[in-house]
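Visitor: Please take me through this model and show me how to read its features, with the general idea before each case.

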Amino acid sequence: MNKYFFIHLIWLLPAYFLFQAYYQISVYRGIHDTNLNGTSYIATVTDFDVKQIAAQTNGYVVLNFSTEDGKTVEEQLALPVQFAQVIMQSELIPVRYLESSFRPIVMTPVFELQKNVVRVNIAVTLFGFLATVTIAYFASAFSRKRIRDGEERLEVEWDES
């Protein structure tokens, strides 16, 4: 097998970015659907933690609330630092809940910020998709040419004068 066939594996990168873009679009639609069609509740913060590792800050919040039909919902949500700053001092957080949504719980105080973060994520993944498609196209063209024509032979000539 020719080693240039392996260059075609670069097409896995655009596939990955396309999957990530699909996921981010699903998240965006899910939070939008939950905010529009969900039911409002007041959730109690049962646990909250923000960790800083090197230059990254991340954390989580555990929310607990009861629905209209008496079901108790307790969910741990990821908490980027931007969201943590908004809800850090709150013991009660207004939420929207829609069980059938891709994102069933939306914290109302950070909804607009969350939408903006997801929009940026979509833009970055689509940019990554376009960039890797371009790179993969040229890499595949190079690979096809090498497979078809073979490798260039370099001949070194020495002038011994």
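**Reading burial, pairing and packing**

Visitor: Is Lys115 buried or exposed?

Guide: Lys115 is buried, at a relative accessible area of 10%. Buried means under 20% relative accessible area, exposed over 50%, and partly exposed in between, with a 1.4 Å probe and protein chains only. Please keep in mind that this is a predicted model, in which local features need pLDDT of at least 70 and side-chain atom pairs count only at pLDDT 80 or more, while totals for chains, interfaces and linings use all residues. Residues are numbered from 1 along each chain as its sequence is written, and side-chain values use heavy atoms, with hydrogens and water left out.

Visitor: With which residue does the side chain of Lys115 form a salt bridge?

Guide: The general idea is that side chains of opposite charge can pair when their charged atoms come close. A salt bridge is counted when a side-chain nitrogen of Lys or Arg lies within 4 Å of a carboxyl oxygen of Asp or Glu. Here the partner of Lys115 is Glu112, at 3.8 Å from N to O, and Glu112 is partly exposed at 47%. Both residues belong to helix H3, three residues apart, which is about one turn of the helix.

Visitor: How many salt bridges does this rule give?

Guide: The count is three. One of them joins Glu99 and Lys71, with N and O 2.9 Å apart; Glu99 sits in the loop between E4 and E5, and Lys71 in the loop between strand E2 (56-66) and strand E3 (72-80), so this pair ties together parts that are 28 residues apart in sequence. Glu99 is exposed, with 54% relative accessible area, whereas Lys71 is partly exposed, with 36%. There is also a salt bridge between Asp149 and Arg148, whose closest N and O atoms are 3.1 Å apart.

Visitor: How many helices and strands does the protein have, and in what order do the elements run?

Guide: Helices (H or I, at least four residues) and strands (E, at least two) are DSSP runs numbered from the N terminus. The protein has three helices and five strands, in the order α-β-β-β-α-β-β-α from the N terminus on.

Visitor: Which residues does Ser101 touch?

Guide: Contact means heavy atoms within 4.5 Å. Leaving out residues up to four places away in sequence, Ser101 touches Gly30, Asp33 and Thr34. Ser101 lies in the loop between E4 and E5 and counts as buried at 9% relative accessibility. The side chain of Ser101 also reaches the backbone oxygen of Gly30 at 2.9 Å.

Visitor: Which residues touch the most other members of the largest nonpolar core?

Guide: A nonpolar core is a set of buried Ala, Val, Leu, Ile, Met, Phe, Trp, Tyr and Cys residues joined through side-chain atoms within 4.5 Å. The largest one has 17 residues, and Leu63, Phe65, Val95, Ile105 and Met107 touch the most other members. Strand E1 (39-53), E2, E3, helix H2 (81-87), E4 and E5 each supply at least two residues of this core. Apart from it lies another core, of six residues, among them Val27, Val106, Phe111 and Val118.

Visitor: What is the radius of gyration of the protein?

Guide: The radius of gyration is taken over C-alpha atoms, and the globule rule is 2.2 Å times the number of residues to the power 0.38. A compact globule of 161 residues would come near 15 Å, but this protein has 25 Å. Along its principal axes the C-alpha trace spans about 90 × 35 × 25 Å, and 30% of the 161 residues count as buried.

Note on methods
A polar contact is a pair of N or O atoms within 3.5 Å; within protein, one must be able to donate a hydrogen and the other to accept it, and residues adjacent in sequence count only if both atoms are side-chain atoms.
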